[in-house]
Structure formats: C-alpha cells, structure tokens
Amino acid sequence: MQIEMTDRHYRAFSFARINAITFNTLTELTRLRVFYVLLVFALFLIGSSIFMAQFSFQQEFQILKDISLGAMSIFTSLLAIVATARLLPQDIEDRTVYTILAKPVPRFEYILGKIAGVLLLLAISTLVMGAAFLLILYAREQAAVHATVTHMSGAPREQVADAMRAIRSSAFNVDIFPGIIIIYLKACLLAALTLFVSTFASTNIFTIVVMAFIYFIGHLQATAREYWLHEHSSGVITRIFLAVVALLFPDLQAFNLVDDIVAGTAISMALFAKTAVLGTFYTTIYTLLAAFVFYGKEL
Amino acid sequence: MTNPAVAVRGLTKIFPVPLHRQSIVAVRDLDLRIEPGEVYGLLGPNGSGKSTTLKIILGLVSPTGGRTEIFGRDSRLVESREAVGFLPENPYFYKYLTGEETLRFFGRLCGLRGVLLKNRINELLDLVGLSKARKRRLGTYSKGMLQRIGLAQALIHDPRLVVLDEPTAGVDPAGSREIRDLILDFKRRGITVLLSSHLLAQAQEICDRVGILADGVLVREGHLQELIAIENQTELVIADASPQLVNEIESFINRSNAKLIERRKSTTTLERLFIEATTKNHEARMSNEEGITKQK
C-alpha cells in the first residue's frame, strides 16, 4: 500500500498547519452549538424592541443602542471566555494534544491555531450580532419615519424634512461601527487572556472562575487606580506596581465606548486608535505568554 | 552505518511532587536501541515508566537527564517527528469530526493536501477497514474503531516509525486481533514499531525484541525467542499420530537419558476459539436474515 509521497520538507513555521488547527477549532466550537448564544441575543433584541415601542423615538433609539451594544459586549465577552476555556484542558484530557504534537507541529503553532479559531468565531458572532442590531435599528427607524409622515401629513415640507433629519440622526450615527470594532477587540483580549490562564489550569471550571474574577477587577481597576493615586503618593514603586496590576488585570473599562455612542458624543479617531492598539497589544501579549507557558508544559 | 530508529541513552525522568520534598522517579538510567524494521515491545506493569518513556521519545515530556534520538535526530526537535506516527493509549480524538475529516485534519498538519491527501485518506480507510464508516462522527465509533482510526492517523504521513501506547487496551478479542494483524502488516512494509503493552501474550505474537521495565528500570531485554526459550527442553508437535506411535516414542524416550515431562493434546488458544465462535454465529445470523428477506 506504499504510496508515492511528494518531497515534503519540514518548515519551522507553516500557515497551512496553523490554518488546519484554526478551522478545526472553529468546526469544534460550531458543532458544540456555541452559536446558540446568537439566537439568545436576537431574541433579546426583538423582545426589547417590542417593549420600547411605547417610548418616544429619540428615547427608543437611545435605549435600543444602549441595550444592544451593552448586550453585544456581554455576549461576545461571555462567548470568548466560555469557548476558549475548554480548548486546552479538553485536548489534554482527551489526549488529542498528544496526537497533534506528536506530528511535526511546533507548540506555538498549536496555540496560534487555537486562538485564531476563537478570534474567527468571535468575528463571525460580532458580525451577526452587529447585523441583527442594525437591522432592528433600521426597522424601528422606518417605523418612526412612517408614523411621523402619517402624523404630519398636513405640515409644511420643511417641517417634515426637519423631523426626518431628527429621526435619522438620532437612529444612526457613524460611531456605532468603531464601537462594534472595540467590542470585538475586547472579546479578543479576553479570549487571549483565557487561553493564557488555561495553559496552567487543569479544568475549564477553574479557568472560567479566574476569568470571572479578572473580568470584574478589569472593569473596576481604573476607578481603583484613580483612587489609589489620589490617596497615595505616585512614586516609582507605586507606578511599577500599578503597571503590573494593569498587565495582569487589563483595564476593560477603557473598552467601554457604548456610553459615548448612546449619548451621541463623537468618538475621536485618536481615542479609537488608542483603544484599538491597546486591545491588539493585550491580545498579542497574552497569546505570547500562553505560547511561552505551553512551550514548557509537561503533557 | 545506518542510524537506529530509536536510540535512548542514560534516560532519567524525575517528576517533582508539589508541596512534598520527595519526587517520583519514573525512568532511571534507561538505554535502548531499536533498529529500523524491528517490532519492539516495551513491557511492564502499570506505573513502570512505559508511557513516560514513549512521551519523552516523542518530545511531549522533557527528560531530567539523558538523550533520545529518532533516526539520528534529537527527539526534542520538532522535525524529528516527521518520521513518527503515534497512537496514544485510549485515544478519543475529536468526537465531532467524521473518520474522513479526522484523517484530513491530521494529514494537513503533516503538510499533505489536494489529491495526494485524498488518495492517502482513501487508502488508509481501506487499510483499517473503516471505508463504510468514513462519514460517521467519531462520537458514534466503537472502541475498536477508534483504535483503528487512531492507527490510520498515525500512518497518514507515511512514517518510518510508529509508536503505539497500549494499542489494544480495552478492545475486544476480534478488534485486538485486527490491530495485531495491522501491526504485522507494518512490519512487512518495513515500518519500525515501538509498542508498550502489559498484554504479554499479544506482545509475544508480534514482537521481535522486548524490554521489560519495572519501577523505571530496564530489567530484561533481548530477542523474544532467546528470552523465552527453555534451553534444555524440546517440543514435538505431531499430527495424525496413532496411539501406538506415541507410545513407541514415549518408551524410546524412557530408554534414553532424556525425561518426558508432559504428554497432552494440542490445544487452540482461547482467543482463537472466541473469534471462531463469534464469527460463525455472526455469519449464521446474517445468512438467516438474508433468507428471511428473500422469503418476504
């Protein structure tokens, strides 16, 4: 049965190997039906939009954006933590990791493939949730336009045009898109941090509990830091300590741009770029830390 | 001079126990040399260090001391694994993948793609007898089928060395026999096999050489026939001999200086009896069912 194999030379780095692990991870998570979380999100969105029909259109759009972007942030964060937490411990428990690493696959490629699979899953989820949110927002805007046109049937054209502009400006604003990108980057950061924690955790329950702890500290740490600096001296040791705390517990509040979007405050390019770089930096650092710990792990 | 398939020199592995001063010595000063084309059995009771030795050879665990090589390459290097296929003990794989998808995944990890990968998958599914179950998810596979798909993934990149950790653990006698036949087929094709087992009867049937580990130390090693031979005894197996002929042989022995130790009927093995009985029963049931279908 010997078949003729082409000359295959080992390469220290191979996108093909990483791709294989990435798409396998995506298949695993998809077949585990993690996308059910999207269904819950859609139902939540439809339910809340029905409830909001009783408000004025400005209030309705404001609450819809607040609830939808807030829910997107929570759902993607939850998905990032739960989906990532099981990947390594499960592979180790099932000994699948042995068969993979007994092939010519470097450990850092295995880690890169795993995280890339989760990031792809999060990208798909964010796109679907974003699309569902924009669809509902558009539907509510059309409903408001229709109601206003009917209501102002005898009014002068300029007045109707002003009303239309008011509806459209309070429904859509361009800052929704950078807001959604930042929500995605926050989820990426949490996925990378979860992967790092799971490299030294033995069960996914442990990883999820630690991540829940980090999630809450991450949202509170900016307030705590300000209080600390206000109450104590800001010497070198204090600053080093705070830098270490910031690395261990990323400032997740920095990724919260929802309030600005809801209030209609413009998100500056500088703020968006700074937050995006911060998210990418943390995701990269945690992935490298995960690869480093996994490299020395006894399997 | 050709490199040995596996060379282990002065291998020691000590696992520290957290919060305790003492540590566990899993393997102590082990030397092994496995030549290309051999079937080598690493035998020993549970906890004797077999799996740890295999994991070190595969670079999954780092040694405390000593060195391991695969075809002359340091086994800590990832590229040394190009030549190796591995089947762990009780493998689960990804339950959500089908047999075909599993082989495709492992093939891609080894740099295979396109028609070459497709052909390889077909040939391996044929080899391990899982062509009909190729579209079924592994979650529905029996233990024996999982072992066979495990063997197929170990062979996907046409390795020169196959490492098998307890390949028949938990498999029924028929499945166990199929796996044994596959290992013998590897040998015919010149693939070196290193297997660990505590099922001694099976190791005896397939191994050229064995090493026996106890408490992490290699206590015996050598060619199987030399190790198990009893120097001053000879067996004669005679077919269709009349009682008269047997009596004559026995009296001839008694007249000489030799001593007859035992006279008994040749027996088959319990395994062979089991397989014959279950196969016959299965065939009878199938033909019976066929008859009923035709009558309808």
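Ala, Val, Leu, Ile, Met, Phe, Trp, Tyr, Cys and Pro count as nonpolar; Asp, Glu, Lys and Arg count as charged; the others, Gly among them, count as polar. Keep that in mind for the cavity below. The model itself is predicted.

Start with confidence in chain A. The average pLDDT of chain A is 85, and 93% of the residues score at least 70. Over residues 1-7 of chain A, however, the pLDDT is below 50. That stretch still has 18 contacts in the model beyond near neighbours in sequence. Now look at the elements of chain A. Helix H8 (residues 176-200) of chain A has the highest mean pLDDT, 94. Helix H2 (residues 36-51) of chain A has the lowest, 73.

Turn to chain B and find strand S3 (residues 39-43). Five of its five residues are buried, so S3(B) is largely enclosed by the rest of the structure. Which way do these residues point? Val39(B), Gly41(B) and Leu43(B) point one way from S3(B). Tyr40(B) and Leu42(B) point the other way. Both sets are buried.

Next, see what S3(B) pairs with. Strand S8(B) is joined to S3(B) by five bridges, and the two run parallel. Here Gly41(B) has Leu195(B) in S8(B) as its bridge partner. Strand S9 (residues 209-214) of chain B is joined to S3(B) by four bridges. These two strands also run parallel. Leu42(B) stands opposite Gly211(B) in S9(B).

How many cavities of 30 Å³ or more does the structure hold? There is one. The largest cavity has a volume of about 40 Å³. Its lining is made of Pro167(B), Thr168(B), Ile183(B), Leu195(B), Ser197(B), Gln202(B), Ala203(B) and Ile206(B). Strand S8 (192-197) and helix H6 (200-206) of chain B each supply at least two of the lining residues. H6(B) gives the largest share, three residues. Now apply the opening definition. The lining divides into five nonpolar residues, three polar and no charged.

Two of these lining residues, Thr168(B) and Gln202(B), also touch Ser176(B). Ser176(B) lies in helix H5 (residues 173-188) of chain B. Is Ser176(B) buried or exposed? Buried means under 20% relative accessible area. Ser176(B) has a relative accessibility of 7%, so it counts as buried. Leaving out residues up to four places away in sequence, Ser176(B) touches Thr168(B), Val171(B) and Gln202(B).

Chain B also holds an open sheet. Four strands form it, in the order S2-S1-S4-S5, and the pairing is antiparallel. Which strands lie at the edges? They are strand S2 (23-34) and strand S5 (73-74) of chain B, and each pairs on one side only. S5(B) is joined to strand S4 (residues 65-70) of chain B by two bridges. There Ile70(B) stands opposite Arg73(B) in S5(B).

Finish at the largest pocket. The space in it comes to about 1400 Å³. It is lined by 30 residues. Which of them are closest to its centre? They are Glu235(B), Leu236(B), Leu260(B), Glu262(B) and Arg263(B). The lining of the largest pocket divides into 15 nonpolar residues, seven polar and eight charged.

Notes
Residues are numbered from 1 along each chain as its sequence is written. Chains are lettered from A and ligands numbered from 1 in the order in which they are written. This is a predicted model: local features need pLDDT of at least 70, side-chain atom pairs count only at pLDDT 80 or more; totals for chains, interfaces and linings use all residues. Side-chain values use heavy atoms; hydrogens and water are left out. pLDDT is the predictor's confidence in each residue, from 0 to 100. Contact means heavy atoms within 4.5 Å. On a 1 Å grid over the protein atoms alone, a cavity is a set of points where a 1.4 Å probe fits but cannot get out, and a pocket is an open set with protein on both sides within 12 Å along at least five of seven lines; lining residues have an atom within 4 Å of a point. Grid points are joined across faces, edges and corners, and a volume is the space filled by probe spheres set on the points. Buried means under 20% relative accessible area, exposed over 50%, partly exposed in between (1.4 Å probe, protein chains only). Two strands pair if DSSP finds at least two bridges between them.
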